[in-house]
Amino acid sequence: MPLPSRNSDYWQGVRAGSPFLLVIAPFGTLFGVLATEAGLNLFETLTFSVVVIAGAAQFVSLQLLQEHVPALIVLASALAVNLRMAMYSAAITPHLGGMPLWKRALSAYFLIDQTYAASALEFERHPEKTLAQKFAFFMGTMTPTCPPWYAFTLLGAWLGEAVPADFGLDFALPIAFLAMIAPALRSGAHVVAALVATVCALLLAWMPYNLGVLCAAALGMVAGAEIERRMAR
Amino acid sequence: MIDRGDLWLVIIGLGLGSYCLRFLFLGLVGDRPLPAWLTRHLRYTAVAMMPALVAPLVAWPAATGGQTDPARLLAAAATLGIGMLTKNVILAILSGAVALLAGGYLMG
C-alpha cells in the first residue's frame, strides 16, 4: 500500500526546513548563554524561548531588560521587532486561511521567519497543492526549526553556567544583529531605511526610556516605504 | 539583576503580543488584502528596528563605559561587510568575532 501523500508532503517540509538548523543552533545557543549571563535560571530561559519563539525579539528584550529600561518600553521595542510576523500572517493566509480554526491557531504559533520563508516559497511554486498537503508541508518545516530552538536554548543555558561572566560576550548581540541585518538589505529602499534608522538612533540617543530607538525605527520605516513608493512610479 | 516582575511581564506580554501578530490575519482577518501603504511600511520594520537598536550599542558600548572603542567599530564593520558580501549569517558572525579579538589584541 502506498504511503498517504500527506506523509511525503510532511517530509518535503522537513527537508525544506532543515538548512535553517545552521541558523537556529547557534542563535538558540547564544540566547541561552546570554540569558544565563543576565541572571535568568534554566526555567526562565526555556520558558522565554517556548512562549515567545522569536529570536530577534528575545535578544532585544533581554538586552533592554539588562539596561533596566521600563518593562512597557521593552515590550513595545520587542513587539516592534516582531511586527513582521503580522506581514507573514497576512502573506500565508491565502494558502492556509481555509483550514479549521484549531489548525490556523496552531500554525500561527509556529509562524516564524524560517517556517514562513520555506513554506511561502513552496506554496508559490506549487499552488495546486491541497490544504491538507500545505498544512503537512508547513508542519514539516516546523519540525527541524521550532523544537531545536527550545533544545539549543537549553543547551546554551547549561553552557552559560560554565562560561565566565566577563568573557567579552557583551558584543555578541550587536554582532549577531548586524549579521542578521546584512542579508536583509535587499534593495535601495531597505538600505535607506537602515541608514535613516541608524543615524536617527544616534541623534536621538538623548531621549529617555530608549524612546529614541523606537522613534528612529519609525522614521526608518517611513523612509524605506517612501523610497519604495517613489521608485515604483 | 533583572527585576523578576519585569522579566515575567515581558515574557508573557511578548509571547501574547507576538502570538496575536501571528494570528491576526490567519485567524481573524482571513484573506482580505492589506492596504498597500501598510504592507509597504511593515516590509521595513526589521531593517529599521534592528539598526536603530544596534547603532547606540556599537557607538557607545556599555562594556567600555560608553567610550567609543575602535575594536568594536572594526568588528561591527567586518560583520556587516562580510554579511552583505556573502549573505552568510554564520560567516558574518565569525568575521565579527575574529575582528573583535584581533582588534582588541592589536589596539589594546
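How far apart are the end C-alpha atoms of residues 46–65 of chain A, and how much of the span is helix?

Modeller: Keep in mind that this is a predicted model. The end C-alpha atoms of residues 46–65 of chain A are 17 Å apart.

Where does the span come from? UniProt, in an unreviewed entry, lists residues 46–65 of chain A as a "transmembrane region". The entry gives the same label to residues 20–40, 72–92, 135–160, 167–185 and 191–224 of chain A. Take residues 20–40 of chain A next. That span is 81% helix and 0% strand. Its end C-alpha atoms lie 26 Å apart.

Read along the sequence, the pattern is α-α-α-α-α-α-α-α-α-α-α-α-α. The C-alpha atoms fill a box of roughly 65 × 55 × 30 Å along the principal axes. The radius of gyration of chain A is 19 Å. A compact globule of 233 residues would have a value near 17 Å, so the two agree. Buried residues make up 52% of the 233 residues in chain A. Contacts in chain A also reach along the sequence. Of those between residues at least 6 apart, 77% join residues at least 24 apart.

Where they touch, 7 residues of domain 1 of chain A are in contact with 5 residues of domain 2 of chain A. On the domain 1 side, helix α5 (residues 71–81) of chain A gives the most, with 4 residues. By class, that side has 6 nonpolar residues, 1 polar residue and no charged ones.

For chain B, the unreviewed UniProt entry lists residues 7–29, 41–61 and 73–106 as "transmembrane region". Residues 41–61 of chain B are 81% helix and 0% strand. The end C-alpha atoms of that span are 30 Å apart. Residues 73–106 of chain B are 94% helix and 0% strand. Here the end C-alpha atoms lie 14 Å apart.

Key:
Residues are numbered from 1 along each chain as its sequence is written. Chains are lettered from A and ligands numbered from 1 in the order in which they are written. This is a predicted model: local features need pLDDT of at least 70, side-chain atom pairs count only at pLDDT 80 or more; totals for chains, interfaces and linings use all residues. UniProt positions are given in the numbering used here, feature names are shortened, and annotations may be inferred rather than shown by experiment. Helices (H or I, at least four residues) and strands (E, at least two) are DSSP runs, numbered from the N terminus. The radius of gyration is taken over C-alpha atoms; the globule rule is 2.2 Å times the number of residues to the power 0.38. A residue is buried if 20 or more other C-beta atoms lie within 10 Å of its own, exposed if 12 or fewer, and partly exposed in between; C-beta atoms are placed from the backbone. Two residues are in contact if their C-beta atoms, placed from the backbone, lie within 7 Å. Ala, Val, Leu, Ile, Met, Phe, Trp, Tyr, Cys and Pro count as nonpolar, Asp, Glu, Lys and Arg as charged, and the others, Gly among them, as polar.
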